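This report describes aromatic pairs, a pocket, a nonpolar core and selected residue contacts. The sequence and model are shown first.

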Amino acid sequence: MKLSQKYIDNGEYYKLRDRYHLVLQSQSGSWMKCGNKETLMHEGELWWFDNKQPHEAFNPSEEWRTHIIFDVLPPG
């Protein structure tokens, strides 16, 4: 398995929105690093992360990982 390249979500669209991951399938968990924080996301969990920071992801399993990734406009 290969790490994704670090990237930052740029542009007006991302400045106004918060990004979430809802993990539907991830047998061994899905690794993500955002800024200087690392986490292992598991099935059934919902995660917010700051996609305006450098971030990268990794699937340590040979099985598919399935996430619903969505952006939300915060109130106000």
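At 23% relative accessibility, Tyr 14 counts as partly exposed, a class that lies between buried (under 20% relative accessible area) and exposed (over 50%), computed with a 1.4 Å probe on protein chains only. The model is predicted, so local features need pLDDT of at least 70 and side-chain atom pairs count only at pLDDT 80 or more, while totals for chains, interfaces and linings use all residues. Residues are numbered from 1 along each chain as its sequence is written, and side-chain values use heavy atoms, with hydrogens and water left out.

**Aromatic pairs**

A search of the whole structure finds two aromatic pairs. Rings of Phe, Tyr and Trp (its six-membered ring) pair if their centres lie within 6.5 Å; planes under 30 degrees apart count as stacked, over 60 as edge-to-face and the rest as tilted. The table gives the geometry of each pair.

| Pair | Centre to centre | Angle between planes | Class |
|---|---|---|---|
| Tyr 13 and Tyr 14 | 5.0 Å | 85 degrees | edge-to-face |
| Tyr 20 and Phe 70 | 5.6 Å | 15 degrees | stacked |

Tyr 20 belongs to strand E1 (residues 18-26) and Phe 70 to strand E6 (residues 65-72), so this pair ties together parts that are 50 residues apart in sequence. Strands (E, at least two residues) and helices (H or I, at least four) are DSSP runs, numbered from the N terminus. Tyr 20 is partly exposed at 22% relative accessibility, and Phe 70 is partly exposed at 32%. Tyr 13, the partner of Tyr 14, is also partly exposed, with a relative accessible area of 39%.

**The largest pocket**

Which strands each supply at least two residues of the lining of the largest pocket? They are strand E2 (30-34), strand E3 (37-41) and strand E4 (46-49). E3 gives the most, with four residues. The lining consists of Met 32, Lys 33, Cys 34, Lys 37, Glu 38, Thr 39, Met 41, Trp 47, Trp 48, Phe 49 and Asp 50. These residues divide into six nonpolar, one polar and four charged; Ala, Val, Leu, Ile, Met, Phe, Trp, Tyr, Cys and Pro count as nonpolar, Asp, Glu, Lys and Arg as charged, and the others, Gly among them, as polar.

The volume of the largest pocket is about 200 Å³, where a volume is the space filled by probe spheres set on grid points joined across faces, edges and corners. On a 1 Å grid over the protein atoms alone, probed at 1.4 Å, a pocket is an open set of points with protein on both sides within 12 Å along at least five of seven lines, and lining residues have an atom within 4 Å of a point.

**Nonpolar core and contacts**

The largest nonpolar core has six residues, namely Val 23, Met 32, Cys 34, Met 41, Phe 49 and Ala 57. Such a core is a set of buried Ala, Val, Leu, Ile, Met, Phe, Trp, Tyr and Cys residues joined through side-chain atoms within 4.5 Å. Leaving aside residues up to four places away in sequence, Met 32 touches His 21, Lys 37, Glu 38, Thr 39, Met 41, Phe 49, Glu 56 and Ala 57; contact means heavy atoms within 4.5 Å.

Glu 56 lies in strand E5 (residues 55-58) and is buried at 10% relative accessibility. His 55 is found in strand E5 as well and is buried at 1% relative accessibility. Beyond four places in sequence, the contacts of His 55 include Tyr 7, Ile 8, Asp 9, Cys 34 and Phe 49. The C-alpha atoms of His 55 and Asp 9 lie 9.0 Å apart, with 46 residues of sequence separation.

Arg 65 lies in strand E6 and Gln 25 in strand E1. Arg 65 is partly exposed at 30%, and Gln 25 is partly exposed at 34%. Gln 25 and Glu 43, 18 residues apart along the chain, have their C-alpha atoms separated by 5.3 Å.
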